[in-house]
Amino acid sequence: MRKFWIIILCLVVSAYARVDGFPVSFGVDSDMPLWGAPAFVQIDSTPFIIVASTNDSLYAFELDATVAEGFPIHCGGPVRSKIAWIPKEHYLSIFILTADGIISRIDYDGLTASTIFDTSLGEYSNYISPVVDDIDADGELEIICAVDTTIFCLTLDGAIEWTANFVSEVDFAVATPACGDLDNDGKSELVVLGYRTVNVFTESGVELPGFPVQLDDDEAFSYSSPLLFDYDRDGQYEIFCGAHRLSGGEYGIIKAYRNDGTEINDPFYTTYTYGSWIYSPLTLGDVNGDYSLDICFGNVPGEVYGINTSAELVSFGGTGRGHPGHIYGSILLCDLDNVPGPEYVFQLIQETESIATMIIMDPGANDLADFPDTLESTRAGILTPAIYSSQESTFITAVTADGNLYLWEFENIPLPGFENWTELYGDRQNRNIAPPHNVVSTVTETLSNSYKIDWGQATSAEFMKYILYVAEDSVGNNFEIIAEIEDVAETTYIYESDIPAESLWFFIVVKDSMGRTSLRSVPKSARDTSDIQWLDCENNIENISISPNPFNSSCVIKSPKNCVLKIYNIKGETICSICNTDGNYTFDSSLLRSGIFIIRAFDNHGKPLAETRAILIK
């Protein structure tokens, strides 16, 4: 069955500021600084910020900085991790794992917070968050906890269904587990990291064949939760983990494994900076404008990386972007300035100065106005912000290790396909799995003013709907929703319009049952010529080539001789238009800011021939 809704979206100028009343302070144990992350939760349409603290308390705040009614509430012990939560009808259930192994459930209806159970599972679970998932696909959610060297599977009422022991040289898990279907049997596997081992269990607690995997003698994991990501789009998740070497330069490394325990490269990637341990859980986003997911992370020396699925650097001109301080938590990715492509959002700890800094920058390393923003004096902590989008605004919240809560408001919502689906560590159930893959589409003009849109079927097991958009150009500017389709098998849509075909560009976003969205598909038009062969111009090359790309001050654009080149910024504004008579044009960017530029070639009759993109990094 097909269902459609028509909604018009308008782009607005981005404005942002700290919300009045913030920061607010809450209690923290003087001997145990806060680690973890705040969380945005929602009851019906009302959002709250919830954070569990090391003084054995759970706090909740409304977005006007007032303490939510019914809070604070005792939560069984000191907490140095993020909560998990699930929405219910007119209330929500919050799950908390304390640093000393107590799992709690607290229900909240907007007025009263009630403890449903406190269950002691062991002695040590520092920085380990609870995970909620329907691991056996029976329609009922389970709670997964790693305490000491045991995985616990519990019902939502706190009853233990099964336990399984895992291997760790330090006698505890070093990061929050991940849950996802690794072997395509419709049920979830559980991935938990020991100090030097990758352990994987089935939905019933049986170790998956090929595991545990033992790291090399000079390698170890620490704090970076495993990410489940189908990086090669073969329909199966692979396991990606941040780690580090113990000898030599103590470099940070990314380890990656298939579901049979075999390793992908050895390691998948290395950051060649001394002491560049990776505590940061990995996140995903399209940081170079090629409509595919890149892996992003930070390291202890304060460097930010974006690498593609071929393990090649794709951000900041091929280098790790350095900052004066340390990155311990996740780097979140979300569009905040209404320009296609996500911003990097993360906290930086400057321990020598006892301060924390909120960093928000675009893929060209340009800081958004008013950022970096210095937070109150604080101790070090493994801290991650959280992101929430309403119908009109986007909010970012962050805490310091000494118990100060901050909130910023951005007076716009993310562009479709660049939303906060990349806040994997902020997934309300903490499963740490990749968002849906985008789809490939085509557009054909069937009759005058009638267009047929076709696309490949979504592969996400948690598919909810396709969202179809029409925009005025290939960048996706000035868009509107034309349909929402809830049947995964419906992969064709007919659109009618009397707008000229060259001004109709269509793209699709896949949304899953968790509310996360895929990257947008590559915008397509019935007059799209991005895949055509050269005809009227010299045909000794198939595409425009840019060298170097990314570039710093200038680059050479190679195209067929006598073609007209038009260069646009990411907003679709024309930067220049020239005739490339000899086939080699030097593009001088000395007066331009860092960013992504679209380069199109036309013949002398104005017929589009090809298109590519160049990345300017200053």
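This is a predicted model: local features need pLDDT of at least 70, side-chain atom pairs count only at pLDDT 80 or more; totals for chains, interfaces and linings use all residues.
At 16% relative accessibility, F463 counts as buried (buried means under 20% relative accessible area, exposed over 50% and partly exposed in between, with a 1.4 Å probe and protein chains only). Y466 is buried too, with a relative accessible area of 0%. Residues are numbered from 1 along each chain as its sequence is written, and side-chain values use heavy atoms, with hydrogens and water left out.

A search of the whole structure turns up 33 aromatic pairs. Here, rings of Phe, Tyr and Trp (its six-membered ring) pair if their centres lie within 6.5 Å; planes under 30 degrees apart count as stacked, over 60 as edge-to-face and the rest as tilted. Take F371 and F410: their ring centres are 6.2 Å apart and their planes sit at 10°, so this pair is stacked. F371 lies in the loop between β30 (355-361) and β31 (373-377), and F410 in strand β34 (residues 404-410), so the pair ties together parts that are 39 residues apart in sequence. Strands like these (E, at least two residues) and helices (H or I, at least four) are DSSP runs, numbered from the N terminus. F371 is buried at 7% relative accessibility, and F410 is buried at 0%. As for F463 and Y466, their ring centres are 4.7 Å apart with planes at 55°, so that pair is tilted.

Ring pairs also link W35, Y127, Y223, W277, Y279 and Y328 into a cluster. Charges turn up over rings as well (NZ of Lys or CZ of Arg within 6 Å of the ring centre and within 35 degrees of the ring normal). The charged end of R428 sits over the ring of W85, 5.8 Å from its centre, and R600 lies over the face of Y568 at 4.7 Å from the ring centre.

Now to the sheet. β16 and β17 (residues 189-193) share 3 bridges, with L190 of β17 as the bridge partner of C179. L190 also stands opposite F201 in β18. β17 and β18 form a hairpin with 3 residues between them. In β18 (residues 197-201), 5 of 5 residues are buried.

Notes. Two strands pair if DSSP finds at least two bridges between them.
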